[in-house]
Amino acid sequence: MREALASWHMGHVFYAYRMHPWHGRVLSQEVMAGWLDLNQAQLSRIESGKPPQDLSKLMRWAHSLKIPTDLLWFKLSMRRETSSTEAAPGTAESTAMTLEVSQAGGLLPVVVNGRTVLVPVDAETIATSGLGSLVGSSAEVSAQATERDPMSPFNRRDFLKSGVAAVALPGLGLEELHHVASALDDAHRYLDGPVVDYFRRVLDKAKRDDGALGPKKTLPVMLGLCGAIESQARDVKPSVRRELLGLGADGAEFAGWLYRDIQQPQAAVFWYDRAMEWAQEADNAAMQGYVLLKKSQMAYDERDALRMLTLAQAAGHDRWQLPARVRAEVTQQEALGRAMLGDPLDVVRGQLADAEALLTNAPDDQPDALGAYFNVHTRLLRDAITYTEAGKPSLAADLFSDVMSTGTLSHRDTGFFNARRAAALALSGEPDEAARVGKESAQVAHEVRSERTVRVLGEVLQTLDRWRSRPAVREFRESLTA
């Protein structure tokens, strides 16, 4: 069951549940479908098809099977019930206690002008800020709450229509909170630059959280944010739409990256395409070139060297007017593609040197610029990957070790690049050290649910197969499959 839950595929969970020996016999699809309010054909399609993405259905099924919340890859919602000594109706305290709280990002449904919208704020803020006057009567909210399954307070359409799946940001004042809620209710009248800036802060926080928490925690935030942007962009003033879609392109590109990390390439392609479309409408040339770079990097995940190289070359076209750091990353990506295609080492080294020169001349005073994360350490790590592909794994292992020793990488990136380091060590004929580093990487990969890291570690195990009887290699294999 744990393996099925770790796959993030509810169909696999259904199958494992039906087959579990605890029941004493295999449960038929007909029996289980009845529990889930499905028919046999629907259950069969879910078990054998693509992972279901409808959050409301996932929550309902998890509730029906009583799956512990700590084993799920999404968060269930809970409703805070009033006590027998509840506050007087209509007070802020009473309102806070009867509002449904969505744990997926700290959202509250707030009634503005008779319509329920999701506002990123916690119940304590509602209780202490006097927001009761903005949300309507507690009876109205409570009545709406009881009409829904408490485990699934919002269906997907409502969530994408008015939801911003974002953690509550500290320092959100009452006036700003009212402005955000009004914007979600009447985008054409209220959604303006300050609200777009608020959405940007949500995106920036999600990017910061990703390295420490991984995609399991960050992806719901991004899906909610992109859904809110897509919905609100239909109603805003023309002067705001371009700014909003420019932000949406940034968010969609990041969502594509998160899907790459959990090894769902079809979803990643969808969001990369959406990022390109929004960047085109927003007239953001640099983002269009940047998405081509990300598609090239995804082609590397799939070991498609030729597509990877041509996409990198397309990303490097002058029409995109890329910042210096992104041009450096594109140049390095082209070097990686040439290494995979077997170009001479001198050619590969020459392009890596060009990337280093571009990065050296890039301005350092633009922390929020596109590609700002690409720094000296990032370049060295990518150089190490390139040298591995060019048949120089010992040099690559040393580069990985030098950067890892600085302690500057995020938790997730430490796990991933340790996996790459283990691959280089294995190719260099150092099985025990490769297994030790791989074991450390596997622990992080399991913690942050990085399927991309797990896949690299699987390749390391294949390289180490001729040393499979060594104790260190056996321990590594056990840690990866635990």
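Met287 has its place in helix α17, which spans residues 285-301, where helices (H or I, at least four residues) are DSSP runs numbered from the N terminus. The model is a predicted one, in which local features need pLDDT of at least 70 and side-chain atom pairs count only at pLDDT 80 or more, while totals for chains, interfaces and linings use all residues. Residues are numbered from 1 along each chain as its sequence is written, and side-chain values use heavy atoms, with hydrogens and water left out.

With a relative accessible area of 4%, Met287 is buried, a term that stands for under 20% relative accessible area, as against exposed for over 50% and partly exposed for values in between (1.4 Å probe, protein chains only). When its neighbours within four places in sequence are left aside, Met287 is in contact (heavy atoms within 4.5 Å) with Ala249, Asp250, Ala279 and Leu370. The C-alpha atom of Met287 is separated by 8.6 Å from that of Gly246, a residue 41 positions apart from Met287 along the chain.

Aromatic pairs were counted for rings of Phe, Tyr and Trp (its six-membered ring) with centres within 6.5 Å, planes under 30 degrees apart being stacked, over 60 edge-to-face and the rest tilted; the count by this rule comes to 4. In one of these pairs, the ring centres of Phe14 and Trp61 lie 5.3 Å apart with the planes at 75°, so the arrangement is edge-to-face. Because Phe14 belongs to helix α2 (residues 10-19) and Trp61 to helix α5 (residues 55-65), the pair ties together parts that are 47 residues apart in sequence. Phe14 and Trp61 are both buried. The rings of Phe270 and Trp271, whose centres are 5.0 Å apart and whose planes stand at 85°, likewise form an edge-to-face pair; here Phe270 is partly exposed, with a relative accessible area of 41%, whereas Trp271 is buried at 10%.

Helix α25 (residues 451-463) packs with helix α26 (residues 471-481) at an angle of about 150°, the axes being 11 Å apart. That makes α25 roughly antiparallel to α26, given that angles over 145 degrees count as roughly antiparallel, under 35 as roughly parallel, 65 to 115 as roughly perpendicular and the rest as oblique. On the side of α25, the residues Val454, Leu457, Gly458, Val460 and Leu461 meet Phe476, Arg477 and Leu480 of α26. By class, this contact has 6 nonpolar, 1 polar and 1 charged residues, with Ala, Val, Leu, Ile, Met, Phe, Trp, Tyr, Cys and Pro taken as nonpolar, Asp, Glu, Lys and Arg as charged, and the others, Gly among them, as polar.

Note on methods: Axes are lines fitted to C-alpha atoms, for helices over the stretch in contact, and angles run from 0 to 180 degrees between N-to-C directions. Helices (H or I, at least four residues) and strands (E, at least two) are DSSP runs, numbered from the N terminus.
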